[in-house]
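Biologist: Can you put the model up and take me through it? I'd like the overview, then some detail on strands and side chains.

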Amino acid sequence: MGFFLLFLQLQEPPFHLPILLGILDWKMKRYRNGEIWDFEEEMQLLGDGFCDQREVILGLDGDTTCTVCVCMPLIPFADDLPDPPPILSRAVAGCSNHNSVGESAARDALELVMADALSKAGSARFCVQAVCLAVSGVNHPTDIERIMNWLRDIFPSHVQFFVQNDAVAALASGTMGKLHGCVLIAGTGTIAYGFTEDGRDARAAGAGPVLGDWGSGYGIAAQALTAAVRAYDGRGPYTALTPSILRKLDLSSPDELIGWTYSDPSWARIAALVPVVVTCAEGGDEIANKILKNAVQELASSVKAVVRRLQLCGKDGNDAFPLVMVGGVLEANKKWDIGREVVNCICKDFPGVHPICPKVEPAIGAALLAWNLLSRYS
C-alpha cells in the first residue's frame, strides 16, 4: 500500500482517480494464485507505453480438451459491433471441466489463461469490465454460484461476471453474441442448447460419456473400439475398424486395445479416433456406417428435443430458427458429412432450420455475449 501512496504523491495532477482506486482495490485483495499475476507488478501502470489502460472484456470457452481466453476492447454501446470483432490477445490453457480434472486443476487452468490473455494484451485486472466464462461441466446453479464467488476473489468489485455452460458461448459465436436459437456441439462431447428471445432455455444431452453422449466424438470412437473387440473375440461380425484402429495406434493385436483404452482416462484421446471411423465408413464398412448413422440420429434428436420444448419452430412447426453447429464431428471435411446428414434429418420435422457455421471461435462468442449483456444493463 505504501508504494501506491508514494506513487500518488509523485504524480502531477490530475491523476487518473478511477484507475488508481481500481489499483488499490486490486492490491488489497488476496489471491489464491497470486504468482501468476506478477506481470501486473512489473507494469508502470500510469506510464506511457507500458500498461494499456483501455477498458476490456474477457471471453472464455473451456471444455474437456482445452480452454481459450480472448481479450477484447470494450466497444462503445452506441456503435455497431464490427465484423470481425477486434481482439487484443488470445491465450490457451488445459482442460477446465471440473468433472474431468477436478475443481482445483480446473480453476488453475481458468486463472492461468485469463492472466496470460491480459499479459499479452498489455492490460491488467483493473481494466476488465466484464468476464464471460463459458465452460463445460457448468450444469447447475450451484456450479455457477461457486465459480462466481471464485471470480469475485480474483477481480476488482466493479467487474461484471457471466458464467454459463460452454454451449452458450458456441451459440453466441454464430449469432454475434445474441442468445436466440439452438446450438449443437459435437466434439469430444455433445450437447444441444437453445434460447428463446424472452430468455427461456432448454438443453438436451451433454451428460457425459457414462450417461450417453452417443453422438459425440467419444461416443462414436467408443462404439468403434467395442466393435473391433467384439469382432476379434467372435461376438460380432468382421469390421475394417479393427485393422484400421490398430494401424492408427501402432498396435499389433486387438488384445492390446484393452490396455490402450484404460491406460489413460482422457475422453479426448478416445475421440481422436473418429477420422478412422469416417474413413472406414467411406470405404463401405457396414459397422462403421451403422455407427455414424446412429450418431446422426442421436445428434438430430437432441436438437429436435430442444426445438420442441422451446417452440423455436413456432406453433405450426415451420418458423425459421438459427442452428449454430460447432465441433470437429460436424466439420464437412469428408464425403461422409455428419453435419449435413444431421441437418437433413432435422429438416424432415422442422423445415425452418437455418444452419450456421460460426465465423469466430466460441471464446469470441463469449466476449460478444458479455458485450451484449453489458449494453443491456447500461
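Biologist: Start with confidence. What is the mean pLDDT of the chain?

Modeller: This is a predicted model. The mean pLDDT of the chain is 86, and 88% of its residues reach 70 or more. Over residues 1–32, the pLDDT is below 50. That stretch still has 42 contacts in the model beyond near neighbours in sequence.

Biologist: And how many helices and strands are in the chain?

Modeller: The secondary structure comes to 15 helices and 10 strands. Of the 378 residues, 53% are buried. Among contacts with a separation of 6 or more, 70% are between residues 24 or more positions apart.

Biologist: Pick a strand. Is E6 mostly covered or uncovered?

Modeller: E6 is mostly covered, with 6 of its 6 residues buried. Gly181, Val183 and Ile185 are on one side, Cys182, Leu184 and Ala186 are on the other, and all are buried.

Biologist: Which strands does E6 pair with?

Modeller: One partner is E7 (residues 190–195), in the antiparallel sense over 6 bridges. A hairpin through 3 residues joins E6 to E7, and Ile185 stands opposite Ile191 in E7. E6 is also joined by 4 bridges to E9 (residues 321–326), and those two run parallel. There, Leu184 has Met325 of E9 as its bridge partner.

Biologist: What about E4 and E5, parallel or antiparallel?

Modeller: Strand E4 (residues 128–135) and strand E5 (residues 160–164) run parallel, joined by 5 bridges. Leu133, for instance, has Val163 in E5 as its bridge partner. Together with helix H6 (residues 141–154), E4 and E5 make a right-handed β-α-β unit.

Biologist: Give me a residue from H6. Which residues is Ile147 in contact with?

Modeller: Ile147 is in helix H6. Leaving aside its neighbours within four places in sequence, Ile147 is in contact with Leu133, Val135, Val138 and Val163. So Ile147 touches both Leu133 and Val163, and its relative accessibility is 12%, which counts as buried. The C-alpha atoms of Ile147 and Gln164 are separated by 9.9 Å, with the two residues 17 apart along the chain.

Biologist: Switching to aromatics. How many aromatic pairs are there?

Modeller: A search of the whole structure finds 5 aromatic pairs. In one of them, Phe77 and Trp371 have ring centres 5.7 Å apart and planes at 55°, so the pair is tilted.

Biologist: Where do Phe77 and Trp371 lie?

Modeller: Phe77 is in the loop between strand E2 (67–73) and strand E3 (89–93), while Trp371 is in helix H15 (residues 362–377). The pair therefore ties together parts that are 294 residues apart in sequence. Phe77 is partly exposed, at a relative accessible area of 33%. Trp371 counts as buried, at 6% relative accessibility.

Biologist: And Tyr193 with Phe195, how are the planes set?

Modeller: Their planes are at 5° and the ring centres are 5.4 Å apart, so this pair is stacked. Tyr193 is buried at 10% relative accessibility, and Phe195 is buried at 8%.

Biologist: Which rings make up a cluster?

Modeller: Ring pairs link Trp37, Phe39, Phe155 and Phe161 into a cluster. The charged end of Arg125 sits over the ring of Trp37, 4.1 Å from its centre. Elsewhere, the charged end of Arg269 sits over the ring of Trp260, 3.9 Å from its centre.

Biologist: Last topic, the backbone. Is the peptide bond from Asp83 to Pro84 cis or trans?

Modeller: The bond from Asp83 to Pro84 is cis, with omega near 0°. Pro84 is in the loop between E2 and E3. Most peptide bonds are trans, and most residues other than glycine have a negative phi.

Biologist: So what is phi of Met176 and of Ala205?

Modeller: Met176 has a positive phi, near 55°. Met176 is in the loop between helix H7 (166–175) and strand E6 (181–186), and is partly exposed at 27% relative accessibility. Ala205 also has a positive phi, near 65°. Ala205 is in strand E8 (residues 201–205) and counts as partly exposed, at 33% relative accessibility.

Methods
Residues numbered from 1 in each chain as written. Predicted model: local features only at pLDDT ≥ 70, side-chain atom pairs only at ≥ 80, totals over all residues. Heavy atoms only, no water. Pairing = 2+ DSSP bridges. Right-handed = clockwise from strand over helix to strand, strands pointing away. pLDDT = per-residue confidence, 0-100. Contact = heavy atoms within 4.5 Å. Phe/Tyr/Trp six-rings, centres within 6.5 Å; stacked < 30°, edge-to-face > 60°. Buried < 20%, exposed > 50% of the residue type's maximum accessible area, 1.4 Å probe, protein only. Lys NZ or Arg CZ within 6 Å of the ring centre and 35° of its normal.
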